[in-house]
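Please open the structure in the viewer and follow the stops below in order.

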Amino acid sequence: MFILNFVLLFQIVTPVSRLLTSSRFSTEQKHFINKYDSLLLTLSSLLGCRQLAQRWTLVLFVGTCLLYCARMAMPISAVTMAATFQWSKIDSGLVLGGFFWGYCFTQILGGHVSDKVGGERVLVVSTALWAMITIATPLLAHFGSHALFLMALSRFLMGVLQGVFFPSLASICSQRVLEGERGFLMSTMHSGCYMGTLVAGGMGSVILDLYGWQSLFYSFGVLSVLWALFVWMFFLKGKVCLRTQSIITSYKWNGICFGETIRWTWLRLLALAMVFTHMCISCTSNTLLSWLPTYFKESFPHSWVYNVVPWFSAIVSAITGGYVSDFLISRGYGISSVRKLMQFLSMGVSSMFLMLVCEKTFTSFTSALFFISVAVGLTTFTSCGVSVNVQDLTPSCAGALYGFMNMMGAFMGLLMVALCGYLIEVYQSWALVFRLIALVNSTGLGIFLLFGDAQRVDVDC
């Protein structure tokens, strides 16, 4: 349907443009035709951009899957590599932890560069670089007697290069996608994270058993290089779709224009509420991702489906949440109300299901798996809540601000994961962990419901 409309519009535009050269029309008539011609060209450009956005959605989904496949290669191979190189638990922790420190450092920089030069190019260049590091990892492991240092360094560089991905994605979405269509795109991209985790866990384990840990890095690295080459050849080598909305490149907020201190303070409060809520949901999500396998293994040691079911439910719910949010906006519901609804489901309702796990009434494996799968699935609704809210408030600098939000979330995630490990070690209680997650979620949700908004604040008055 879009293609048909696109062709018809150009068939109309061409003869209208030719009529402008005719002397049969007065100046006023030519002026009217010129405005009509400009409108048709704008509409045709918009339809073309929308078709291109649909193709980009699939490409970026695959890219997100490969991002997480490459990221999970080291954790999957850690046990085998530790036995090969005689690493202790502390050594393995240093290698694995190196990624997260590097991941925090380039969030803001990646978003800022994406806002200036375009997130598509930042994505492709960074992907090509971290893909080559992935391929080179097995070679570095056997390079001299400094395998531990080189592995930690490679993980740090992986984190540095992968840290620009989601800020760049936020920049692309704010500059290329209309407000009513951002939720589905961001949700689809986030579902790629869980798909990549599943693929790496399933296919990666098979590759590891059959061909050794080196083949795992080679496989995911080569696939990522091919993805970067494909995007460069077929999407970036020619023209890039123009922005579908007017973006003000200045970082001047409209509160200053009015010279009202109260107005300026309120606008800053909107951004701080968004950052704080994103920080809360990021650290609780990282905590669940880090500790859920240990919880199930210690509480229900004779089952394995806990490694599949929660993350499969996350894929389905992420796409569903994005579709529902865009549908509500298209039906006339306020953007702010939809963002808050999605965040309530993500942080409020999901915490309720986590609290049910703490109840002594529900002690079976089936009930625990069900409640946690629902909680993990609902958590993904944040991708069409506060995660996309940054594009509503500040589209001109969405990449940089999202990078700051992600950096704060990553730092807080490191602290909360360590705190939960301390609680488990000292008190031997998983209920404390789930209650702490619910408390952090409730705090962030309350701040967002009170002070969150979707009114753009980075435009000139």
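In which helix is serine 373 found? Select helix α14, residues 365–379, which holds serine 373; helices are DSSP runs of H or I with at least four residues, strands are runs of E with at least two, and both are numbered from the N terminus.

This is a predicted model, in which local features need pLDDT of at least 70 and side-chain atom pairs count only at pLDDT 80 or more, while totals for chains, interfaces and linings use all residues. Residues are numbered from 1 along each chain as its sequence is written, and side-chain values use heavy atoms, without hydrogens and water.

Remain at serine 373, which is buried at a relative accessible area of 7% (buried means under 20%, exposed over 50%, partly exposed in between, with a 1.4 Å probe and protein chains only). Next, display Val309, Pro310 and Ser313: serine 373 is in contact with these residues, its neighbours within four places in sequence being left aside (contact means heavy atoms within 4.5 Å).

Now select helix α7 (residues 165–176) and helix α16 (residues 398–427). Their axes come within 8 Å and cross at roughly 145°; axes are lines fitted to C-alpha atoms, for helices over the stretch in contact, and angles run from 0 to 180 degrees between N-to-C directions.

Show the side chains at this crossing. Phe166, Pro167, Ala170, Ser171 and Ser174 of α7 meet Ala398, Gly399, Tyr402, Gly403 and Asn406 of α16.

Finally, select valine 231, which touches Trp56, Val59, Val124 and Leu236, not counting residues up to four places away in sequence.
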